Amino acid sequence: MGLLDGLRAALGLRAEADARRDADPDDLFGMSTAYVTMDAELGYESIGVGALCFSGVDSNSFHEAVDEVVAILEAGREETGTDFSVSEDDHGYHWVILEDADTEDLITSMHFAADTFVEHDYGSRLLAAVFGYEDRRSGEPAYWIYSFRRGAFYPFAPRSGRERDSSAEFKLEAALDGELEVERDKEYWYPLWPSRRGTHPWE
C-alpha cells in the first residue's frame with residue numbers, strides 16, 4: 001500500500017475534513033451496473049476480488065463490530081459462496097478481502113460488511129472499497145476505488161515501477177461518469193500501492 005501519511009491525507013484525515021456526507025454503503029451498488037460496462041464496452045473483466053479498507057479502534061465495541069462482520073460473512077458464505085479473509089497491512093490498516101466469481105454476490109457481501117460497521121456507529125472508520133479488474137487484451141490491472149468519506153469512486157491503473165497509466169484512468173472516468181459517482185477533484189485519486197511483496201492494494 002502507499003505511504004502511511006499519504007493514505008491518511010487522501011482517505012483519512014483530509015478526506016474527513018472535506019467529507020461530503022456520512023459513509024453510505026448503498027453507493028457500492030453502483031458497481032452492479034458498472035462492471036457490465038467495464039466488460040462489454042471497455043474489455044475489463046472482474047478478477048472476482050474486492051476489499052474493504054478500514055482503520056481500527058482499540059475498544060471492545062469496535063472488536064465486537066468486526067466479529068459481527070466476520071459472523072455475517074461466515075453465514076453468507078454458505079448461501080453465496082463468497083470467500084473472505086481479514087488482514088492487517090504493514091501500516092496498521094485493516095482489510096476485509098472478499099472473493100467470488102459472481103460479481104453481484106461480491107458486491108452484496110461487501111455491502112453487508114460495510115453496512116455492519118455503519119450500524120455499529122463505526123462508519124467513520126471505513127476508508128475505501130476496492131474492486132479489481134483486468135484488461136482482457138493486455139492483462140494489465142485496473143481498480144475502482146470508493147472513498148467512503150468523499151462518497152465517490154475513482155479509477156486506479158497501476159503499472160510496474162509504481163507508475164500510473166493516466167490515459168487508462170481517464171478512459172475509465174469518461175466511460176463510467178454518470179453511471180458511478182466519480183470524484184471530481186483528482187487530488188483525491190490517491191494510488192493505493194501494494195506492499196513490495198504484493199500485487200493488489202490489499203496485499
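Start with α3 and α4. This is a predicted model, so keep that in mind throughout. The axes of α3, residues 60–80, and α4, residues 103–119, cross at roughly 155 degrees. Angles over 145 degrees count as roughly antiparallel, and therefore α3 and α4 are roughly antiparallel to each other. Their axes come within 9 Å. The crossing of α3 and α4 is right-handed.

Which residues make the contact? From α3, you have F62, A65, V66, E68, V69, I72, L73 and T80. From α4, you have D105, S109, F112, A113, T116 and F117. Sort the residues of this α3 and α4 contact by class, and you get 9 nonpolar, 3 polar and 2 charged.

Now stay on α4 and bring in α2, residues 31–40. What is the angle between α2 and α4? About 145 degrees, with the axes 10 Å apart. Again, the crossing is right-handed for α2 and α4. On the α2 side, the contact uses M31, S32 and Y35. On the α4 side, T103, E104 and I107 meet them. By class, that contact has 3 nonpolar, 2 polar and 1 charged residues.

Next, α2 with α5. Helix α5 covers residues 166–176. Here α2 and α5 pack at about 125 degrees, and their axes are 11 Å apart. That angle makes α2 oblique to α5. The handedness of the α2 and α5 crossing is right-handed. Look at A34, T37 and M38 in α2. They meet L172, A175 and L176 in α5. What classes are in the contact of α2 with α5? It has 5 nonpolar residues, 1 polar and no charged ones.

The largest pocket has a volume of about 240 Å³. How many residues line the largest pocket? There are 13. Closest to the pocket centre are R159, W193, P194, G198 and T199. Which elements give two or more residues to the lining? Those are β5, at 141–147, and β7, at 158–159.

To recap the helices: α3 and α4 are roughly antiparallel, while α2 is oblique to α5. For the pocket, keep R159 and W193 in view, both among the residues closest to the centre.

Definitions and conventions
Residues numbered from 1 in each chain as written. Predicted model: local features only at pLDDT ≥ 70, side-chain atom pairs only at ≥ 80, totals over all residues. Heavy atoms only, no water. Axes fitted to C-alpha atoms, helices over the stretch in contact; angles between N-to-C directions. Helix = DSSP H or I, 4+ residues; strand = E, 2+ residues; numbered from the N terminus. Parallel < 35°, antiparallel > 145°, perpendicular 65-115°, else oblique. Left-handed = near helix turned anticlockwise from the far one by under 90°. Contact = heavy atoms within 4.5 Å. Nonpolar A, V, L, I, M, F, W, Y, C, P; charged D, E, K, R; others polar. 1 Å grid on protein atoms, 1.4 Å probe; cavity = no way out; pocket = protein on both sides within 12 Å on 5 of 7 lines; lining within 4 Å. Points joined across faces, edges and corners; volume = space filled by probe spheres on them.
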